[in-house]
Every structure is written in C-alpha cells, then in structure tokens.
Amino acid sequence: MFFRVVSLLPTSVQGRFLRHYFEWVHHLPDPWRYDTEPYEIDKYEMTLRHVPHRAYRRVLDVGCSEGAFTRRLARAYPSAECWGVDVSDRAVTRAAAKAAGAARFMALDFLNEDPDGTFDLVICAETLYYVGRDERLRLAYGRLRSFMVPGAVLVLVHEWPEARRLYRHLDDTPFFRRVSEHPYEHPVRSYAVTVYERVEPASRDRAALLRARTDPMTRLDTGAPAPGLEGRHGPAFPAMTQGRRRDHSRSRMRPFRTLLLAAVLATGTAAAGRPVVDELPLPSAFDADALQDRYELHAWSGRQFLAWSRRGDGQAIEVVGDLANARTVIVYVPGSGQSLASFDDSAESPGRAARALYDEAAGLGPGTAVIGWLGYDPPDLVNLEIATIWPADRGARRLRSFLSMLPRHVRISLVCHSYGSVVCARAVAGSPVHDLIVTGSPGLGVRRVSDLHTSARIWAALGGGDDVFRSGLLIGPFGFGTDPVSAEFGARVLDGGDARHHTYLRPGTRTLTEITHIAVRGRERAA
C-alpha cells in the first residue's frame, strides 16, 4: 500500500524517492542476505534452471542489489556481457567490488533512465513490488521492453501468488508471450519463476490501436509521443504531461495530500506487520539443574540454548558462560533483520556478539555470563513497521518478562544494538538493570533520558562511520525521538571512534572493550 501511494507522485519524483529509500536500506551491507541465506541461494538455482538455453549476447539484471545473482549469471553465461543495475549507488558500488570485473554494474532508475544498449536476456527479481499501482506497472513493462531486442527473454521472480497480480498487465499486452511459469512452495516464502518472450505482433487490430492511445506501455512500444513532448529517455507519458499542467493546483492540494499520505502510511504500516509468533517458553528457575535440563532439551552443537524456535523468522536465547553461578549477566539484544538463520552471521548477530562480549569480559575476571537474546521478531529494513515502535513494544514485553526471572543477586547490564535499543528502552522501566548501553541507535522512542523512568544508567555510542538514520521525529508510534548521543537527550556518551553500524562488537576493537568494561564494572575504562 505504501509504495502504491508513492506511485501517485510523478515518475521522476517517485524515482528520487526510491533512490533515497534504497540508499537507506543499503546502509548495512547485504540487507536481505542475498549472499548467504539458503532460501535465496535455492531461489537463484531454480531461476537459472528455468532460463531458456540460448547463446545470450547481453544480459541485464534489474534491481540487482549487491550483485549476488548477477555474479551467478556471469558464471552461467561467461561469453555474455552481464550487467546489473540498481537504483542505489551504495549497492552497485559494493556489487562492483565483489564482482571484480566478472560483471558490470550501473546505478540506474529504470523507470526514468536507460541502460546502455539493448539486451537479449533480462532478469527482474523481487523488484516490481516497489513500482506501485497498475499504471506504473504498465509503464515498467514498457520500459523493460524498450531495453530488449525482438525475441529477447524476460525472466520474472516474485512472491507467489502475488506474482499473478503483478503480471496481469504483461499477460494482456500483445508484445510479450508467456513461455512458462513455475510456482514453488517454500517454508520461508513461496515464489514463482515466470518466463516471457518479447514478440512483435504480425498485425494490430483496431482495439490494439485504440489501446495505444491510452496505455503508457503500448505508447512507448509504438513510438508515438504526444506532439512536442519528447522526453530525455523517450516519449513522455500522459501522467507526466498532466503533472506539468497541474503544478499550480497541486500546490493547493499539498496539505490534504500530506494528511492522506500519513493516514495511508499508518494503515499500510499496520497491515505490513508480520504475524506475531508465540513467546519462547522459559525455565521455571535459573538454578544449575533447571538450566542444564534446558541446555540438554535444546542441544545444538554443544551450545547452551535456553530456548529456540523456527517459527516465523526464528527466535533463540543462548547462554555463554556459567549463568547459574554468575555475579554479572550481560544481555545482548540485536537489531533489525536478525533471524535464527543469521544467528551467527555477523559481529552484531546475537550468537557472535554474545561470544565476543564473554571473551572480553573473561579478561576482567571470572563471574560473567552473557546471553544472546533473540526473543522477539526484529523487523526487516523493508518492513514498514521498522519506522514504528510497535515491534519494539512486543519485544519489550518479552524482554521485561525474561529480565524479571534472572536471579536478584546478579548485576544486569543490557547491551542493545540499532532497533534493539528501542526494545531495551521500552523494557528498562521497572526492570533490575544497572546499565543500558546502546550502539548505533536510531533513538530510544523518547525525547530525553528522564522519559525512560528508570534508575539504570544510560550510555550511548555512535561511531564516526555509522550512518544509522536518526530523524529526531516522534509522532505517536512513528519515529524514535531525540538522537541518543545529543546533549539534550542526557545520556552518558561513549566514544564510538570510527565504528560502522555493524562493527561495534567486533573482536579486537576499542568499542568492544569499552562497552564490556561498562557492562561488567559500571564505569568507563580508566585512561
């Protein structure tokens, strides 16, 4: 719904919005984990299996992100010239570095800009959702056709059965013929690989000619622009023409449209939320026997899991160290995009972060246990709920329940990253927490420290290389409030050095040492 609203804007404005949006999405490398997720890798293999066997000369991957599939295309068709295009400059810069010349990449808004030359194989996967309403989908198909030589192959890969809605205009046009369609049921998300071929109708009946006057896709195909409106990248379209003529009236409509957009955004955000999975069951006590029973029940490669579940994106709570006899407990809460599949993937994932904190704490003396807490379902960067506190509220209720069960004699510190800092901030009131340390936080959902209603000390770190979005906005459930490292917020600011968003807890870094020192001893390390 949100992207359909965006598509009400003129095409050029929609393109600029999408460029900014995907630049923000790619502030973290590989935001959808296209390079590592088994689901994505399986989908790549199935897609390649259904590409018709031909000697392709030029191949185009539209919406390539950081080039995971483009590199596979280059390997599959070594004699072809393979290009990947994406609206995000960050994405294609990383893609080019990973490909090391095996494929070429270009930052391109395909709704408004043309790639160099034409292609005989075009791939468009998981991209058309963002194009918006039906008129823009027809425009998108016309744009794709303009990049293709006659007889070229178009391969589309999208969620099933949503793909049928996305493709219905393509099925209606005489300029494409559906060759095959292969839906796949998958426990993560069902999808379909659909293959079309660009064709040139032998003749056009009167209905087709009439449609050419009103259908942006067909107008582009016939090359019949309105007189005097030839655009930079080809014929101008009716919606763009009307946009130029209505500038004055639109200015009077802006307040109403702003309110309308806000209302639709609120509705769309609520509708975009993923189903809430059940809370992980916890042990009735945290003594040695009860904990050992739990570890054996959830045995996983000799590690100590209090609980884990594969439902939804997966949840897990892991203990590193001797929790039954600990004097200090550090609970690490991760941010957006984390899942059971990525539990050990990176420095900010709960498994690796917990082990890094434990290893660092061991250098300060015995008696510290660390818990990697993925007891909630973090929103993904592409889920509209990420702009709200709603997932944080759900996670905070579970985190508060977990903290209340820890032994009362232990010293508890929370180390919370990115969106996880919002979860921790909403859980800390009334919880037995001594120190709350947040890294790469977009905000804690409040305007000042006193609004957290806690006696815990609040610490905030932001690295010089961290470009996490901190708007300072707080309107109802939208936004996260004041920047935590600003003076007006009132937190104890911890020097983040030159840390990037995902490197605060990387072993050997100064930030890991400082954060651990505060979590264990309640103060910064002496100079």
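Lys43: buried or exposed? At 3% relative accessibility, Lys43 counts as buried. Keep in mind throughout these close-ups that the model is predicted.

**View 1. Lys43 and Glu126 form a salt bridge.** The closest N and O atoms of the pair sit 2.5 Å apart. It's a link between distant parts of the chain: Lys43 belongs to helix α3 (residues 38-50), while Glu126 is in the loop between β4 and α6 (134-146), 83 residues apart. Glu126 is buried too, with a relative accessible area of 10%; the cut-off for that label is under 20%.

**View 2. Glu113 pairs up with Arg19.** Here the closest N and O atoms are 3.6 Å apart, and the contact counts as a salt bridge. Glu113 lies in the loop between β3 (104-107) and β4 (119-125) and Arg19 in helix α2 (residues 11-25), so the pair ties together parts that are 94 residues apart in sequence. Glu113 is partly exposed, at a relative accessible area of 22%, and Arg19 is also partly exposed, at 22%. For the whole model, the salt bridge count comes to 37.

**View 3. Arg164 meets Asp171 in another salt bridge.** Their closest N and O atoms are 2.7 Å apart. Arg164 is partly exposed, with a relative accessible area of 24%, and Asp171 is partly exposed as well, with 27%.

**View 4. Asp35, Glu66, Arg71, Arg94 and Lys98 make up one network, joined by salt bridges that share partners.** Zoom in on Lys98, and you're in helix α5 (residues 89-99). Lys98 is partly exposed, at 35% relative accessibility.

**View 5. Strand β11 (residues 315-320) is mostly covered, with 6 of its 6 residues buried.** Both faces are covered: Gln315, Ile317 and Val319 are buried on one side, and Ala316, Glu318 and Val320 on the other. Strand β10 (residues 304-309) pairs with β11 in the antiparallel sense over 5 bridges, and Trp308 has Ala316 as its bridge partner. The two strands form a hairpin with 5 residues between them, where Gly312 in the turn has a positive phi of about 65 degrees. β11 also runs antiparallel to strand β13 (residues 368-374), joined by 5 bridges; in that pairing, Ile317 stands opposite Trp373.

**View 6. Asp287, Asp289, Asp293 and Glu296 gather in a patch of negative charge on the surface.** Glu296 lies in helix α12 (residues 288-297) and is exposed, with a relative accessible area of 53%.

Notes:
Residues are numbered from 1 along each chain as its sequence is written. This is a predicted model: local features need pLDDT of at least 70, side-chain atom pairs count only at pLDDT 80 or more; totals for chains, interfaces and linings use all residues. Side-chain values use heavy atoms; hydrogens and water are left out. Patches are made of residues with over 30% relative accessible area and no salt bridge: like charges are joined within 9 Å, nonpolar side chains (Val, Leu, Ile, Met, Phe, Trp, Tyr) within 5 Å. Accessible areas come from the Shrake-Rupley method with a 1.4 Å probe; for residues, only the protein chains shown count as cover. A salt bridge is a side-chain nitrogen of Lys or Arg within 4 Å of a carboxyl oxygen of Asp or Glu. Lys and Arg count as positive and Asp and Glu as negative; His and the chain ends are not counted. The place of a charge is taken as NZ of Lys, CZ of Arg, CG of Asp or CD of Glu. Helices (H or I, at least four residues) and strands (E, at least two) are DSSP runs, numbered from the N terminus. Buried means under 20% relative accessible area, exposed over 50%, partly exposed in between (1.4 Å probe, protein chains only). Two strands pair if DSSP finds at least two bridges between them.
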